[in-house]
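Work through the exercises below with the sequence and the structure open. Try each task before reading its solution.

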Amino acid sequence: MNFFASDETKKIKLKSGIEIDVRSDISKRTFNSLIASIPQTVDSDRGFTPSQANDFTIALFKVFVVSWNLDREPSTESYLELKRANADEIDEALTAHFTSMTVTEKESRKSS
């Protein structure tokens, strides 16, 4: 049995036709770096500022996206050159993927 993060990926197909291959799991070190990138000063009523949300979604992209079906490499620079609607769609998918990894089995049973 392997106890270490693997290089396995999962394909996420978006409504726009974009397909992204994302890491299926991440190491504790990588998870901690993502958690550290979450802003500590979040307004409880309004949530993240647009700048804070942007910084966090870039961090998610860097960590999770391994490949995609677009004609450029899946670099941060290419991601930032996408049309806003397409980037937002990727952001939503990555946030959902990250959230699914952070919710424990016990917590997921509570919400059912």
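Two strands pair if DSSP finds at least two bridges between them. Helices (H or I, at least four residues) and strands (E, at least two) are DSSP runs, numbered from the N terminus. This is a predicted model, in which local features need pLDDT of at least 70, side-chain atom pairs count only at pLDDT 80 or more, and totals for chains, interfaces and linings use all residues. Residues are numbered from 1 along each chain as its sequence is written, and side-chain values use heavy atoms, with hydrogens and water left out.

**Exercise 1. Strands**

Solution. 
Step 1. List the elements: the protein chain has five helices and three strands, in the order β-β-α-α-β-α-α-α.
Step 2. Find facing residues. T9 is opposite R23, and I12 is opposite I20.
Step 3. Look at the turn. The two strands form a hairpin with five residues between them, and G17 in the turn has a positive phi of about 105 degrees.

**Exercise 2. Salt bridges**

Task: Find the salt bridges and state how exposed their residues are.

Solution. 
Step 1. A salt bridge is a side-chain nitrogen of Lys or Arg within 4 Å of a carboxyl oxygen of Asp or Glu. Buried means under 20% relative accessible area, exposed over 50%, and partly exposed in between (1.4 Å probe, protein chains only).
Step 2. A search of the whole structure gives three salt bridges.
Step 3. K11 meets E19 at 3.7 Å, N to O. K11 forms a salt bridge with D21 as well, with the closest N and O atoms 3.0 Å apart. K11 lies in β1 and D21 in β2, so this pair ties together parts that are ten residues apart in sequence.
Step 4. K11, E19 and D21 are therefore linked in a network of salt bridges.
Step 5. Compare with the cut-offs: K11 is partly exposed at 44%, E19 is partly exposed at 24%, and D21 is buried at 15%.
Step 6. D88 and R84 form a salt bridge, with the closest N and O atoms 3.8 Å apart. These two residues are four residues apart in helix α4, which separates them by about one helical turn. D88 is partly exposed at 32%, whereas R84 is exposed at 67%.

**Exercise 3. Helix α2**

Task: What is the reach of helix α2, and which elements do its buried residues pack against?

Solution. 
Step 1. Helix α2 (residues 50-64) has 15 residues. The expected span of a helix is 1.5 Å times one less than its number of residues.
Step 2. From first C-alpha to last, α2 reaches 21 Å, close to the 21 Å expected.
Step 3. Among the buried residues of α2 are F56, I58, L60 and F64.
Step 4. The buried residues of α2 pack against β2, α1 (28-37), β3 (65-68), α3 (76-81) and α4 (84-102). Contact means heavy atoms within 4.5 Å.

**Exercise 4. A loop residue**

Task: Where is N69, and what does N69 contact beyond its neighbours within four places in sequence?

Solution. 
Step 1. N69 is in the loop between β3 and α3, partly exposed at 40% relative accessible area.
Step 2. Leaving aside neighbours within four places in sequence, N69 is in contact with G17, I18 and E19.
Step 3. N69 and G17 are 52 residues apart in sequence and 8.7 Å apart in space, C-alpha to C-alpha.
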